[in-house]
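Work through the exercises below with the coordinates open. Each task is followed by a stepwise solution.

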Amino acid sequence: MSLLYKLEQITQRHAELQAALSAGTLDGQKFVAASKEFSDLGPLVEAIGAWRRAEQELKDAEAMAADPDMRAMAEEEAAALKKRLPELEHNVKRMLLPKDAADEKNAILEIRAGTGGEEAALFAADLFRMYQRYAAEHGWKFEVMELSETGIGGYKEAIATVSGRGVFARLKFESGVHRVQRVPATEAQGRIHTSAATVAVLPEAEEVDVKIDEKDLRIDVFRASGPGGQSVNTTDSAVRITHLPSGIVVSQQDEKSQHKNRAKAMKILRARLYEAERQRRDDARAADRKGQVGSGDRSERIRTYNFPQSRVTDHRINLTLYSLDQVMEGRGLDQLVDALIADDEAGRLAELAA
C-alpha cells in the first residue's frame, strides 16, 4: 500500500467517524469505540493536513514566482516551505509507526551477575544503583523487590519495579549483556578484568494482560535465608512459584509475610510470561530484520563500560561516550537511551518507506 493511499484512507476514516458521531446514531460500546478511534486519529489527520497545506502553498508560491513583481517574495516563501516540508513529512510518517502497546507500562528490572565471580556481582550492584538514580532523575518510583547479596556489596540478583510515565518505552532497550572492564578492588597487580551482568527489562503485566490458571502453578514455601545461607526467618514465609507449562520459576523471600512474597512472585511471573509472548510476536514480525535494536536478546552483548578510559560503548549503534561517571550516576544515561530510541525509529521508518 502506497503512503499516499494510506493517508487518504486515514483521512476518509476520520471523516466517516466524525459524520457518524455527529449524526447521533451510535450508542453504548459502539459510541465509545468510535469516539476513541476518532480521538486517536485526530492528531495524525491534523499532521497530514499541515503537510498537504504546505505542499499546496509551495505550488502556489512557485506559480507566483512567474510574475516578475512577485518573484522575490515568492522565491523567499518557496525556500522556507522547502525547508519545512521534510519535517512535516517526517512527523506524519513517525505518527504512522505502530505503537508498542507496552510503552506506557511500568517495568520490572532484573539484573543478574554473569561471568566474573565477585567482580561481576559488584558490577551488577553498580548497574542496579545506576538505574535507581536514573529513575530518580525522571521522577519515577523505584521499588526494590528482591536482593540476593554476596555479603561484600555485590548482588547475585536484584529485581525492582520501576513505575511512572513512559517507563518501559525508555528502559526497554537496556535488556542484554552489559560488560565491564576495570581493575577490581581485590586485584593487587592492577590488571584490568572483564566481567558481565545481564539486564532484563520486562513490561509490568496486569491480570487482564496474562491469564494464569492456578492448576498450572506449583507453589512451594520454605524458610528465607540471608547471604551465605544464614537463616533470617524462623517461619516458612519464602515462596517459590513454578509455572508448569513454561517452566518459569520465580522465588521471593524479601517480605516477612508469605502472602506478600506470593503477590510479588506472581507479579514477576506475569511480567515474564507477558514478555515471552511479546518476544514470540516480535520474532515472528522481525525474522528478516536482523539488526533490530529492540530485540531484547539477553544473550547479546549490548554495552561495554570501560572504567580506565571512562568510556561507554553501545555496540548496537556504535555509539561511544567518554562520560562514564555521568552514565553511572544516571544523569548521562539519557544520551544513550535517546540515541537507541532514534535508531529504532529510523529503522522502522525505513521499513515503512520500503
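**Exercise 1.** Classify the orientation of H1 and H2 to each other.

Solution. Step 1: the model is predicted, local features need pLDDT of at least 70, side-chain atom pairs count only at pLDDT 80 or more, and totals for chains, interfaces and linings use all residues. Residues are numbered from 1 along each chain as its sequence is written, and side-chain values use heavy atoms, without hydrogens and water.
Step 2: helix H1 (residues 3-23) and helix H2 (residues 28-64) have axes that come within 8 Å and cross at roughly 135 degrees. Helices are DSSP runs (H or I, at least four residues), numbered from the N terminus. Axes are lines fitted to C-alpha atoms over the stretch in contact, and angles run from 0 to 180 degrees between N-to-C directions.
Step 3: angles under 35 degrees count as roughly parallel, over 145 as roughly antiparallel, 65 to 115 as roughly perpendicular and the rest as oblique. H1 and H2 are therefore oblique.

**Exercise 2.** Classify the packing of H1 against H3 and name the residues that meet.

Solution. Step 1: the axes of H1 and helix H3 (residues 71-96) lie 12 Å apart, at an angle of about 70 degrees.
Step 2: H1 is therefore roughly perpendicular to H3.
Step 3: Leu3, Lys6, Leu7 and Ile10 of H1 are in contact (heavy atoms within 4.5 Å) with Val92, Lys93 and Leu96 of H3.

**Exercise 3.** Which residues does Tyr131 touch, not counting those up to four places away in sequence?

Solution. With that exclusion, Tyr131 touches Leu109, Ile111, Phe142, Leu171, Glu174, His178, Val199, Arg303 and Leu333.

Methods:
Helix = DSSP H or I, 4+ residues; strand = E, 2+ residues; numbered from the N terminus.
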